[in-house]
Amino acid sequence: MDLDPEDIFRDDDEDIENEFYQRDSSKELVVYLVDASPKAFNPASKAEDQEETFFHIAVSCIFQSLKTQIINRSYDEVAICFFNTREKKNLQDLNGVFVFNVAEREYLDRPTVTLIKEFSHIEDTFMSKIGSQYGIISESRDNSVYNALWVAQALLRKGSAKTVDKRILLFTNEDDPFGSIKGATRTDMIRTTIQRAKDAQDLGISIELLPLSRSDDEFNVSLFYADLIGLEGDYLKQFIPSAGEKLEDMKDQLRKRMFKKRKVRRITFSIVNGISIELNTYALIRPTLPGAITWLDSVTNLPLKTERSFICADTGALVQEPTKRFQSYKNENVSFSMEELSEIKRVSTGHLRLLGFKPLSCLKDYDNLRPSTFLFPSDEEIIGSTRIFIAIHRSMLQLKRFAVAFYGSSTHSQVVALVAQDEIANSSGQVEPPGMHMIYLPYSDDIRQIEELHMTVGSMTPRATDDQIKKATALLRRVDLKDFSVCQFANPALQRHYAVLEALALDEDEMPEMKDETVPDEEGMARPGIVNALEEFKVSIYGENYDQEEADHQSSKTSASEASRKRKEITDNAVKECANYNWEDLADNGKLKDLTNVELKYYLAAHNLPVTGKKEALISRILTHMGK
Amino acid sequence: MARNKEGLLLLLDVSPSMHNLLPEIEKLIYGKSDEVGVVLFGTEDTDNELTKEVGGYEHVVVLRHIKVVDGDMIEALQKLPRGTAPGDYLDAIVVGMDMMIKKYGPTNKGKKRLCLLMNPLYCIKEPYEGTKEDQIDTIATQMNSHGMKLDCVIVRGKLTGDADTRILDENDHLLNRFSKRTCGKMVYVESPTSLLGALRTRNISPVTIFRGDLELSPRMRIKVWVYKKTSEEKFPTLKKYSDKAPPTDRFATHEVKVDYEYKRVEDTNKIVPPEQRIKGYRYGPQVVPISSAEWDAVKFKPEKSVKLLGFTNASNIMRHYYMKDVNIFIAEPGNTRAIQAVSAIARAMKEMNKVAIVRCVWRQGQGNVVVGVLTPNLSKQDNIPDSFYFNVLPFAEDVREFQFPSFRSFPSSWQPNEQQQEAADNLVKMLDLAPPGKEEALHTDFTPNPVLERFYRFLELKSKQPGAAVPPLDNTLKKITEPDSELLSQNKSAVDEFCKQFELKENPKIKKSSKRLWREKTSRSNEEKNVGDTGTDAQSGNSSRSESSIKVERIGDLTPVQDFEAMMSRRDSTEWVIKAISNMKGFIFNLLENSYEQDNFEKALECLTSLRKACILEQEPEQFNNFLHELYMFCQKEDLSSFCELLASKQIKLITKAEAIDSNVTEDEAKNFLVKREHVLE
């Protein structure tokens, strides 16, 4: 991570910013295991015209997630691995397992542009290059599920389980992989496969199942996979296979499940009288920014590193990074040690402290500074936390109240609002998780009283008439976005950014065209109903002849605006005045410094040069311009 | 006078009814560039120019004329006299107005502010002619013609004390009349905390971020101005201090310049000049070099505009999707039609419970677009126009759709029963910060930032006593960071019931010393200096001590190093070494994780030193080296980089090949490990 000097001149306490905008710090290693048996190539939907196969769904989900990953979490490493294949490619040379990869990349490595590009064509070449074939048949002792797990586990050998998350995501539509085997061989195979999975889990690898199923042919987890991934009791009930009615829903569910929840941190929430519960915080909404830039040497394209040195302004001596800071105050320098500064910032000892409750109407629209943080209870360390959380959550929802709390950290402390959110779910699964959203409230220092800035003095300000409001109401009714969802737009700047990078990285000649989804729907706006409503509203506000008036007004204005006319006047004047001096002579004799700044500026303005700066700067600018 | 500076005249009521509040005011510290004057009323003496010129205006003292803030000003405020006479605020306003006019004349319009702080317990005098109302109207007209603003901060509620309601009502009526006829506002405060918040001492004069058309469609536009409504006031950036200049040099700036050099990563001897650099953009593991000219040619360049995408039900936009600080859209001032248009839409939105979705590009050349939501802000005052608040909404890329288990799916042992639910309901009802008929506590408009407040006060203190220690947090500010003890004691029964109903216990499977987290000390005095759980630590330490006299099986808190060494030297099984090492690692992590203000650092350092020594002895360099890497990552993540600095300073480095043959770390690598890492991650 190289630094840019511009970036360093930011605040001292950037920690908080980092907490909000940094990418997650822990690294993740993922192996996608995709069942490629002939059964996976069955259409995934009953509908006749649907051509999409299970395989296609799995592959497109992985493709989407790779694309997100390269932007958001490019330090994570992935491997894509098919099983029940005709060809084999893996380190152990096991049958029926094929690890997909591209040049200049290890099997388990960070995703690259080429990988994504190649993977997007996988379906075209899959049959010819890799092939599909049942790996578990009664004649041979081969066990492709076992082999696949073994390969995945071997791939995940690198890195310590303490610092990285290791996951195997298994996509399959076969709920009973050993269905064709009978008798002792079957129990034996099941036993060894489950043992294999247990071994992997003991090594800190989590195995997650992403079952694909059709509404007429439900995926039965308890046949085999419940044992494999270790589902028991209550959790088994929670595990509902994605047997959505719609194909889109299934994709949605898969996509959501592929992301691992990452908690930002564990905090305690002290409620009253020493009762403190345990919460995990999650960053559900954070701005995604284009990745940091790295400075390169333009000659060699090799990365550069920035070295920072501190120089004492008084003596010019090289110094260590100083541990003291100062602020000038009342014409004096008041210095602080770093300890003192952090002591000042530490105003609270607890993590999150409840201060009280208020009705939701007290939470104003302007009470916002930053993206919110999601809170979900945990019983991991303090048993009983979840129960208290649920009780308060329910009361808050029912009484329509939010909690006010103080969130203290060593660097940044803030008053926050905790707003309870009930679970919302639809056919594609959970839309809003249950929990509380922590909203960072401004202090009075952060709020500006703009409204008062333009008060009309001594008289009433104009208000809309009832007729105007009626017309506006009609307009609102017309221009209604029924199913608007907050995150339906892709960020056009970001999309463009990565499309350009991709094109340049792959040496493509054409710059891709991006569609900006955020522009208004002009076609929709041109519908007669809307146009009429708009027109009526416009007339009620501006009167009948507004367009005409506006046009008249425009034409009555001279072509140049006030400012540019003024600027022109100054230049004209300067040219005139400038002619009164013999600049060459003045410069040669060093007499420029005898002129006033106003006089010097005649020259600069007449020659279209910047007129800012101190006298020395002006003189040197003139000399440079004269070529001296 | 700079653009941001304003002329402020503080009109302070120091009559007996205000005496209990004056200590709060004495803490006020104004921004260094403001020009501030102070007028007291309700004083025993009289000292103002108007008395001398025309007579009258008794009990009004000009404490300080309008001047740039300096030490005298703050000192003057710190020793406010306690007045004895009932204060006449109208006299004070007239005196203040006279001072403003004499100081600024017609200049500085709109940046002249009179701030009246008073307890409306006393009537104003009957004027010589006309009614009190007439008098107020005359003064209001005068103020308007000079472009002065009047902010009234009026003390209310329990702070007022016993008051005659008739007088209160009359004063309310008069002040209301005043604020309607002038550019000003009235604020009621009921607690010292909100008084601090209401007297904004660091004012920023706002600038627009956009002026132009709000485009409903290509055929219908409304002229609007957009300002920031909220914007975080950051902790001031302090300059780095250099002590290299000789103490005799009185003109030393003590500043530190920062110089940057760019070097190739491989060949650190070669310095690359800044203009020879090119920006590389990351895309996965690849870095794509693109010159800025190239980039400008291809990057996303939307046109400056603010366009309506449509209206939608307010319930579609949940509150937690608001992304950033908030802007405000107001109609172009003075443009009647625009004001009406904004008003019509805002009122229609309010009526139908709708919001507008807009796409904004504030400036030409801005590299991105913002999609946000406009919510109506209907004005309650006749002379303030209606407006919209604007909040940024996330894009698809900004939302992470994590799945969480439904609360219903949790086992019944996690669900509250009926009594518990009732106790929770009661708690939520009773701990009410906005009880009807009273001031809303911790209203964002009146809650000052305790950290900034503390900093500026400490700055003032330090300018006088350079050696002063940071004082504890002021009691008024504590009302913001801690629950109000009064509120808790008022609702003691609800609180006690809640505590009785719910039980918390530590998960026995996890041995982590997280006790500190939930068994928080309830007594306030302990909180001030949270020394950690010395009590429990000592206990567990004792128990482990008794074990160690037999055979040490785990590392206790009291004598970790000795326990560790004892374990390492146990030779009854080879696994003790491994167990001791891993135990020690866990112990160090724990220490750091629970470290409070670095109090555990010394202990952790001791343990680490001992671990290092043992790993060399046992020829297990990898164990230590890997651990140091892990520890380093951990410190970065947990914001404990100061510990790494400590390590570097104490020369705790990787175990080198010279020390243990199995190590593949060279002397240089070891030496540079912490140093280099710090550079990279800075």
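Me: How far from the ring centre of B:Tyr262 is B:Arg277, which lies over its face?

Reply: First, the general idea: a charge sits over a ring if NZ of Lys or CZ of Arg is within 6 Å of the ring centre and within 35 degrees of the ring normal. Here B:Arg277 lies over the face of B:Tyr262 at 4.1 Å from the ring centre. Chain A has a case too: A:Arg370 lies over the face of A:Tyr440, at 5.4 Å from the ring centre.

Me: What should I know about the model and its numbering?

Reply: This is a predicted model: local features need pLDDT of at least 70, side-chain atom pairs count only at pLDDT 80 or more, and totals for chains, interfaces and linings use all residues. Residues are numbered from 1 along each chain as its sequence is written, chains are lettered from A and ligands numbered from 1 in the order in which they are written, and side-chain values use heavy atoms, with hydrogens and water left out.

Me: How many aromatic pairs are there over all chains?

Reply: Start with the rule. Rings of Phe, Tyr and Trp (its six-membered ring) pair if their centres lie within 6.5 Å; planes under 30 degrees apart count as stacked, over 60 as edge-to-face and the rest as tilted. By this rule there are 34 aromatic pairs over all chains. Take A:Tyr32 and A:Phe171: their ring centres are 6.4 Å apart and their planes stand at 50 degrees, so the pair is tilted. It links distant parts of the chain, with A:Tyr32 in strand β1 (residues 27-35) and A:Phe171 in strand β4 (residues 164-172) of chain A, 139 residues apart. Strands here are DSSP runs of E, at least two residues; helices are runs of H or I, at least four; both are numbered from the N terminus.

Me: Which aromatic pair is stacked?

Reply: B:Tyr281 and B:Trp295 form one, at 4.7 Å centre to centre with 20 degrees between the planes. B:Tyr281 is in strand β12 (residues 277-283) of chain B and B:Trp295 in helix α8 (residues 292-298) of chain B, 14 residues apart. Rings can also join in a cluster: ring pairs link A:Tyr282, A:Phe374, A:Phe376, A:Phe389, B:Phe402, B:Phe404, B:Phe407, B:Phe410 and B:Trp414.

Me: What span is expected of helix α7 of chain A?

Reply: The expected span is 1.5 Å times one less than the number of residues. Helix α7 (residues 183-202) of chain A has 20 residues, and its first and last C-alpha atoms are 29 Å apart, close to the 28 Å expected.

Me: Which residues of α7(A) are buried?

Reply: An α-helix has 3.6 residues a turn, so residues three or four places apart point the same way. In α7(A) the buried residues are A:Met189, A:Ile190, A:Thr193, A:Ile194, A:Arg196, A:Ala197 and A:Ala200. They fall within an arc of 150 degrees seen down the axis of α7(A), so they line one face of the helix. The arc is that of the directions from the helix axis to the C-beta atoms. On the other side, A:Ala184, A:Thr187, A:Arg191 and A:Asp202 are exposed. Just after α7(A), A:Gly204 takes a positive phi of about 85 degrees.

Me: What covers the buried residues of α13(A)?

Reply: Look for contacts, meaning heavy atoms within 4.5 Å. The buried residues of α13(A) include A:Gln468, A:Ile469 and A:Leu476. Their cover includes α16 (528-542) of chain A, and from chain B β7 (208-217), β14 (305-313), α9 and β16 (354-361). On the other side of α13(A), A:Asp466, A:Lys470, A:Arg477 and A:Arg478 are exposed.

Me: Which residues touch the most other members of the largest nonpolar core?

Reply: A nonpolar core is a set of buried Ala, Val, Leu, Ile, Met, Phe, Trp, Tyr and Cys residues joined through side-chain atoms within 4.5 Å. The largest has 172 residues, and A:Leu352, B:Ile222 and B:Phe329 touch the most other members. Helix α9 (residues 336-352) of chain B gives the most to this core, with ten residues. Another core lies apart from it, of 43 residues, among them A:Val59, A:Ile70, A:Leu212 and A:Leu494.

Technical notes:
Buried means under 20% relative accessible area, exposed over 50%, partly exposed in between (1.4 Å probe, protein chains only).
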